[in-house]
Amino acid sequence: MSVLRSIQTRCCIAGGGPAGMMLGFLLARSGVDVVILEKHPDFLRDFRGDTIHPSTLEIMYELGLLEEFLRRPHQELPRIGIQIGDQQLIAADFSHLPTHCKFIALMPQWDFLNFLAEAARRYPGFHLRMESEATALRRQGDRVTGVEARTPEGPLVVEADLVVGADGRGSTVRRLAGLESRDLGAPMDALWMRISQLPGDPTQSLGRIAAGQILVLIDRGDYWQVAYVIPKGGYEEIHRRGLPALRSAIVTLAPFLENRVVELRDWDAVKLLTVRVDRLTRWYQPGLLCIGDAAHAMSPIGGVGINLAIQDAVATANRIAQPLAAGRLTTEDLKAVQQRREFPTRFTQGLQLFMQERVIRPVLSTSRPLTSLPLALRLLRRSPLLQRIPAYLLGLGIRPEHVSTPEHRGT
């Protein structure tokens with residue numbers, strides 16, 4: 001029988017995604033001892049959010065990491081384009097943002113997370129435990145006092161002043177805590193694939209829309225990351241029609257891929273992303289806080305999920321680092337984090353729901369050719385100045401956060 005081991009820390013974070021890694025880095029940078037539990041052996045998972053928006057790049061600048069970060073392989077997207085039928089337009093132009101980087105950086109999420117881990121290891125209080133999965137919460141009365149975890153070496157107890165659930169939309173922590181969420185609905189799911197890129201392909205990432213079909217192409221350098229949007233629950237019907245029908249649908253929207261869709265040789269090359277949009281009614285309990293997708297699962301529209309998670313992490317560190325280090329963290333501090341981040345979350349999800357109902361659902365439910373652009377898109381085409389509005393909402397968001405935690409190198 002395995003011996004139950006126990007360690008102590010100020011903060012135990014369940015989940016090594018963008019929210020968890022950024023919060024762990026910021027707390028360790030501020031002199032707080034922190035343990036991150038990541039259930040996988042590495043960060044290598046396909047088709048996770050790869051878009052690093054200007055708001056996140058600005059945080060990297062404030063941390064003095066931007067130049068080092070941008071030396072990593074990445075692509076830069078200064079504009080977002082949409083093609084509807086044979087008409088193209090620029091939906092967002094980031095060149096006018098008041099930031100050091102006026103573009104979205106496209107970088108595999110595993111590279112981003114590895115970069116954060118490397119930066120965080122410069123501080124003695126940072127402890128990242130891979131292949132370690134939180135399985136239970138420990139309590140004294142109504143207060144969470146730590147977690148029980150499954151590790152390769154056997155069961156582990158992590159006693160902590162604060163437990164943070166940053167373990168994504170399928171959060172174990174929020175389920176164990178019994179936190180209630182509100183399902184806001186989503187009319188679509190997405191099939192993710194990769195198809196090789198060749199010289200002569202389009203030079204920018206594009207959304208392509210036709211009757212009943214939506215395709216998103218993300219330039220990953222030597223391949224296209226492809227998202228084919230389908231009606232919610234429509235995967236079984238797509239599967240029944242077969243791969244040849246899916247390949248044909250992709251070619252209809254992106255004819256230049258005609259000689260490459262054969263790379264989709266079987267259904268193992270097609271990953272289903274079940275889209276969910278929800279939000280916790282309360283993000284915290286005494287001794288526990290949820291942030292990122294664990295607190296609010298986002299639609300993939302705009303690729304803002306990773307950046308909202310980063311904003312949550314910065315706001316959380318700004319509020320709790322000092323009282324946590326001093327051993328005087330209160331439930332009011334956790335409540336203040338939700339109060340700070342709830343409006344940006346509600347606003348962003350509101351925009352996503354608007355796009356889902358006014359654009360995604362009508363497109364997916366029609367078989368009639370799209371002969372004209374919707375009014376909002378026609379206005380964007382006529383007035384480049386209006387392109388600054390979606391650029392600001394996507395690039396910076398509502399109430400962007402700034403790092404205010406101090407750096408303590410320690411010994």
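Which residues lie nearest the centre of the largest cavity? They are Val304, Leu308, Leu393, Leu396 and Gly397, part of a lining of 14 residues. This is a predicted model, in which local features need pLDDT of at least 70, side-chain atom pairs count only at pLDDT 80 or more, and totals for chains, interfaces and linings use all residues. Residues are numbered from 1 along each chain as its sequence is written, and side-chain values use heavy atoms, with hydrogens and water left out.

**Overall build**

- The protein has 11 helices and 20 strands (DSSP runs numbered from the N terminus, with helices being H or I of at least four residues and strands E of at least two).
- Its radius of gyration is 22 Å, close to the 22 Å that the globule rule gives for 411 residues, so the protein is as compact as a globular protein of that length (taken over C-alpha atoms, the rule being 2.2 Å times the number of residues to the power 0.38).
- The C-alpha trace spans about 60 × 50 × 40 Å along its principal axes.

**Burial, contacts and surface**

- Of the 411 residues, 53% are buried (under 20% relative accessible area, with a 1.4 Å probe and protein chains only).
- Take the contacts between residues at least 6 apart in sequence: 76% of them join residues at least 24 apart (contact means heavy atoms within 4.5 Å).

**The cavity**

- Searching the whole structure turns up 1 cavity of 30 Å³ or more (on a 1 Å grid over the protein atoms alone, a set of points where a 1.4 Å probe fits but cannot get out; lining residues have an atom within 4 Å of a point).
- The largest cavity holds about 110 Å³ of space (the volume filled by probe spheres set on the points, which are joined across faces, edges and corners).
- Helices H8 (305-325), H9 (331-365) and H11 (388-395) each supply at least two residues of its lining.
- That lining divides into 6 nonpolar, 7 polar and 1 charged (Ala, Val, Leu, Ile, Met, Phe, Trp, Tyr, Cys and Pro count as nonpolar, Asp, Glu, Lys and Arg as charged, and the others, Gly among them, as polar).

**The second largest pocket**

- About 210 Å³ of space lies in the second largest pocket (a pocket is an open set with protein on both sides within 12 Å along at least five of seven lines).
- Tyr228, Ile230, Pro231, Ile238 and Arg241 are the closest to its centre, out of 14 lining residues.
- Strand S16 (223-231), helix H6 (235-241) and helix H7 (243-253) give two or more residues each to this lining, and S16 provides the largest share, 4 residues.

Technical notes: Buried < 20%, exposed > 50% of the residue type's maximum accessible area, 1.4 Å probe, protein only.
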